[in-house]
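Here is a short note for a colleague who is opening this entry for the first time.

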Amino acid sequence: MKPILLCGTKHCGKTSAGKALALLCSCDFIDLDDRVRLMTGKTPRELYLESPADFQTAEAAALANTLSSIEGLSVIAAGGGLADNQPALDTLGDTCLKVHLEVPAETAWKRIFDPASPELPPFLQTSDPEKTHRALHERRAAAYRQMADLTIPADGKSPQEIAGEIFRLCGLKSRLSPVS
């Protein structure tokens, strides 16, 4: 079984559903943002603030390294901007099953914008952040739909429900021992 790459726009549930799916399959979960942090010593946001190009280079390297170092089933959660990183996309090919978690722009915005902590990601710090988000979300969602092997509507579902749906649709088998 190939690794499963969960992709989708920012705050669509890739990490939460990925952890639930990895638990269900009893396999490794890999967060690509964590791999970027391990390789560079900086968070993706810190890298992006320094240089968007350097961030994309690091993200592509982390993805290539991850895909070359795993065998069999693993679950990988990509960053929300992967659709805009052509060097990273070029490494994918048929190395993994690409599963797009799709949520409406409104759902993602509610998850991104917290009135109690209104610091937005750098790319949304514009005169109209919600409009910027919507345009970016719609463009990236279309790119993810096009590149994905499978699209899962994820709005209103728990991470466990999303994981269960992926599990069933992909014909996965649990490696967990039955409880006696």
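1. Accessible areas come from the Shrake-Rupley method with a 1.4 Å probe. On that basis the protein, which is a predicted model, exposes about 9300 Å², and carbon and sulfur atoms supply 52% of this area. Of its 180 residues, 43% count as buried.

2. The secondary structure comes to 8 helices and 5 strands, and, read from the N terminus on, the elements run β-α-β-α-α-α-β-α-β-α-α-β-α. The radius of gyration is 16 Å, close to the 16 Å that the globule rule gives for 180 residues, so the protein is as compact as a globular protein of that length. Along its principal axes, the C-alpha trace spans about 55 × 35 × 30 Å.

3. Which share of the contacts between residues at least 6 apart in sequence joins residues at least 24 apart? That share is 75% in this protein.

4. Leaving aside its neighbours within four places in sequence, Asn 85 is in contact with Gln 56, Glu 59 and Ala 60.

5. Turning to charges, side chains of opposite charge can pair when their charged atoms come close. The protein has 20 positive and 23 negative charges, whose mean positions are 3 Å apart, and the count of salt bridges comes to 9.

6. Where do the two partners of the salt bridge between Glu 119 and Arg 45 lie? The side chains of Glu 119 and Arg 45 meet at 3.6 Å, N to O. Glu 119 lies in the loop between α6 (105-112) and α7 (129-147) and Arg 45 in helix α3 (residues 44-50), so the pair ties together parts that are 74 residues apart in sequence. Glu 119 is exposed, with a relative accessible area of 57%, whereas Arg 45, at 33%, counts as partly exposed.

7. Among the other salt bridges, Glu 50 pairs with Lys 42, the closest N and O atoms being 2.8 Å apart, and Lys 42 counts as partly exposed at 29% relative accessibility. Glu 165 pairs with Lys 157, with the closest N and O atoms 2.7 Å apart, and Lys 157 is likewise partly exposed, at 28%. Finally, Asp 84, Arg 139 and Arg 140 are linked in a network of salt bridges.

Definitions and conventions
Residues are numbered from 1 along each chain as its sequence is written. This is a predicted model: local features need pLDDT of at least 70, side-chain atom pairs count only at pLDDT 80 or more; totals for chains, interfaces and linings use all residues. Side-chain values use heavy atoms; hydrogens and water are left out. Helices (H or I, at least four residues) and strands (E, at least two) are DSSP runs, numbered from the N terminus. The radius of gyration is taken over C-alpha atoms; the globule rule is 2.2 Å times the number of residues to the power 0.38. Buried means under 20% relative accessible area, exposed over 50%, partly exposed in between (1.4 Å probe, protein chains only). Contact means heavy atoms within 4.5 Å. Lys and Arg count as positive and Asp and Glu as negative; His and the chain ends are not counted. The place of a charge is taken as NZ of Lys, CZ of Arg, CG of Asp or CD of Glu. A salt bridge is a side-chain nitrogen of Lys or Arg within 4 Å of a carboxyl oxygen of Asp or Glu.
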